[in-house]
Amino acid sequence: MNESVLFVSGKGGTGKSALCLHTAGALARRGRRVLVVEAVPGFRGLELTLALPGKTVYDFADVLESRCSLGEAILTHEATQLRLMPAPGDPLYLPGEERLSAFFAWAREHWDFLLVDGPPGFPPFLPLLAKHCSLGVLVIPPEELAARSAGRLSAFLTREGLGRQRLIINRVPRDLPPTPVIRDLDDVIDLSGVQLLGAVPEREGPLPAPGEEPLPGPFGQELDAIARRLMGEQVELTLFP
């Protein structure tokens, strides 16, 4: 199996990057060759989450601009053996189409899963990434504004050639306060218009880096289930609440 998965959100603060990283960790624990590309120019949060601060010498832009070899820009997370390519340091970086196309062709030959942590919103980098990915994963909290934003983002991705999409509803509380528009998670799904991949329950405290074992409790179970669904397994969807 070979999948290039673009994790996106209509705005920042949805937990998109953390879900991308933990999904990658779950896939790597199951023996898949996984590369995570941080495609949020100007920000390098994933190396901190993986406890790899100060390890970056080259980044995604250096690879695309041929300033280093592909291997020189890849960091290894020892606990899971997933690989990370850090984000471009320049917040205004925008790659050329030919160079980006060549990178994705290389990734399809060498990795089972390429997970791209995409930029939030609708920046110029997003349509370039969408053209080369096989699946878009939209990450939102269970809120009306986020669900409507996901619908607009879904339409945008479809126009850019990424029509195959799935939805992750993140930070679902044990008791979801009903509103006139959203009574339950089914309403969130209907508003977004995107098929559900998983519903991740709310978790207290900071999220640790992926480890050799799944995180305990429903949170870790659902992250593991999301990875299995990406692998093509039939895993029952559980809606919280």
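Colleague: What percentage of the 241 residues of the chain count as buried?

Modeller: This is a predicted model, in which local features need pLDDT of at least 70 and side-chain atom pairs count only at pLDDT 80 or more, while totals for chains, interfaces and linings use all residues. Residues are numbered from 1 along each chain as its sequence is written, and side-chain values use heavy atoms, with hydrogens and water left out. Buried means under 20% relative accessible area, exposed over 50%, and partly exposed in between, with a 1.4 Å probe and protein chains only. Of the 241 residues of the chain, 53% count as buried.

Colleague: How many helices and strands does the chain have?

Modeller: Helices (H or I, at least four residues) and strands (E, at least two) are DSSP runs, numbered from the N terminus. Here there are 8 helices and 8 strands.

Colleague: What radius of gyration does the chain have, and what would a compact globule have?

Modeller: The radius is taken over C-alpha atoms, and the globule rule is 2.2 Å times the number of residues to the power 0.38. For 241 residues the rule gives a value near 18 Å, and the 17 Å of the chain agrees with that of a compact globule. Along the principal axes, the C-alpha atoms fill a box of roughly 55 × 40 × 30 Å.

Colleague: Among contacts between residues at least 6 apart in sequence, what percentage join residues at least 24 apart?

Modeller: Contact means heavy atoms within 4.5 Å. In this chain, 78% of those contacts join residues at least 24 apart.

Colleague: How are the surface and the charges to be read?

Modeller: Accessible areas come from the Shrake-Rupley method with a 1.4 Å probe; for residues, only the protein chains shown count as cover. The chain has an accessible surface of about 10800 Å², and carbon and sulfur atoms account for 51% of this. For charges, Lys and Arg count as positive and Asp and Glu as negative, without His or the chain ends. Each charge is placed at NZ of Lys, CZ of Arg, CG of Asp or CD of Glu. There are 24 positive and 30 negative side chains, with the centres of the two sets 2 Å apart.

Colleague: Which residues have the most contacts inside the largest nonpolar core?

Modeller: In soluble globular proteins, nonpolar side chains tend to be buried together. A nonpolar core is a set of buried Ala, Val, Leu, Ile, Met, Phe, Trp, Tyr and Cys residues joined through side-chain atoms within 4.5 Å. The largest one has 48 residues, and L6, L35, F60, M85, F103 and L157 have the most contacts inside it. Helix 6 (residues 144-159) gives the most to this core, with 6 residues. Another core lies apart from it, with 32 residues, including L27, V34, L75 and V137.

Colleague: Which residues does L157 touch, not counting residues up to four places away in sequence?

Modeller: L157 touches V8, L126, A130, L138, L162 and Q165 on that count.

Colleague: Why does V34 count as buried?

Modeller: V34 counts as buried because its relative accessibility is 0%. V34 is found in strand 2 (residues 34-38). Beyond four places in sequence, V34 touches A24, L27, A28, L82, R83, W111 and F113.

Colleague: Where does R33 lie, and is R33 buried or partly exposed?

Modeller: R33 lies in the loop between helix 1 (16-29) and strand 2. With a relative accessible area of 42%, R33 is partly exposed. Leaving aside neighbours within four places in sequence, R33 is in contact with H110, W111, D112 and F113.

Colleague: Which backbone angles deserve a remark?

Modeller: Q81 is not a glycine, although it has a positive phi of about 70°. Q81 is placed in the loop between strand 3 (75-76) and strand 4 (83-85), and at 39% relative accessibility Q81 counts as partly exposed. R171, also not a glycine, has a positive phi of about 60°. R171 is found in strand 7 (residues 165-172) and counts as partly exposed at 41% relative accessibility.

Colleague: Is S66 buried or exposed?

Modeller: S66 is exposed, because its relative accessible area is 57%. S66 lies in the loop between helix 3 (60-64) and strand 3.
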